[in-house]
Amino acid sequence: MDTPGIGPVIAARLIGRTRRAHRFPTSAAFANYAGAAPVEIASADKARHRLSRSGDRQLNSVLHTIAVVQIRMPKSPGHAYYQRKLSEGKTPKEAKRCLKRRLADHVWRVMIADEREAKSIPGQAA
């Protein structure tokens, strides 16, 4: 809950939908499960990316909520990342898609670290 945009309700939804983060070998696998990994759409000489329609839609909704909150918080790292993507020429939709993918990586790393910490505490059920 130290991440901007993640409160008790969002954290509970993340844990409830993900269960154990260790079941995903990489952050990319977690992002794919959450539907936050972009899918390449290629036609002729153009290659674009769009958000995957597969994956856990409720978990994707949680990531979307975190992204929207961070975009609206001027001093959050997500806001700075979003603004940087906009200045690179991405559309607001594309910039939000990039932020959601980055948040999926961040959330996975935090959940993995929390699980490792819980295992290292003696007497704590894993």
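The legends below describe several close-up views of a predicted model.

View 1. Among the 27 residues of the largest nonpolar core, the ones that touch the most other members are I6, L14, F30, L63, I66 and V107. Five helices, namely α1 (8-18), α2 (27-34), α3 (57-72), α4 (77-87) and α5 (92-120), each supply at least two residues of this core, and the one that gives the most is α5, with 8 residues. In soluble globular proteins, nonpolar side chains tend to be buried together.

**View 2. I6 and A11 with their contacts.** When the neighbours within four places in sequence are left aside, I6 is in contact with M1, A11, L14, I66 and V107. A11 lies in helix α1, and with a relative accessible area of 15% this residue is buried, because buried means under 20%. With its own neighbours within four places set aside in the same way, A11 is in contact with M1 and I6. For a sense of scale, the C-alpha atoms of A11 and V39 are 27 Å apart in space, while the two residues are 28 residues apart in sequence.

**View 3. Helix α3 and the side chain of N60.** The buried residues of α3 are L59, N60, V62, L63, I66, A67, V68, Q70 and I71. N60, which has its place in helix α3, counts as buried because its relative accessibility is 4%. What does the side chain of N60 reach? The side chain of N60 reaches the backbone oxygen of G35, at 2.8 Å.

View 4. At the start of α3, a side-chain oxygen of D56 comes to within 3.1 Å of the backbone nitrogen of Q58. D56 also forms a salt bridge with R17, in which the closest N and O atoms are 3.0 Å apart. This pair links distant parts of the chain, since D56 is in the loop between β2 (46-51) and α3 whereas R17 is in helix α1, and the two are 39 residues apart.

View 5. How many salt bridges does the structure hold? The structure holds 3 salt bridges, and two of them, K85 with E88 and R101 with D105, are shown here. Side chains of opposite charge can pair when their charged atoms come close. In the salt bridge between K85 and E88, the closest N and O atoms are 3.4 Å apart, and K85 is buried, with a relative accessible area of 16%. The side chains of R101 and D105 meet at 2.3 Å, taken from N to O, and because these residues are 4 residues apart in helix α5, they are separated by about one helical turn. R101 is partly exposed, with a relative accessible area of 21%, whereas D105, at 17% relative accessibility, counts as buried.

Technical notes
Residues numbered from 1 in each chain as written. Predicted model: local features only at pLDDT ≥ 70, side-chain atom pairs only at ≥ 80, totals over all residues. Heavy atoms only, no water. Core = buried A, V, L, I, M, F, W, Y, C linked by side-chain atoms within 4.5 Å. Buried < 20%, exposed > 50% of the residue type's maximum accessible area, 1.4 Å probe, protein only. Contact = heavy atoms within 4.5 Å. Polar contact = N/O pair within 3.5 Å; in protein donor to acceptor, adjacent residues only side chain to side chain. Salt bridge = Lys/Arg side-chain N within 4 Å of Asp/Glu carboxyl O.
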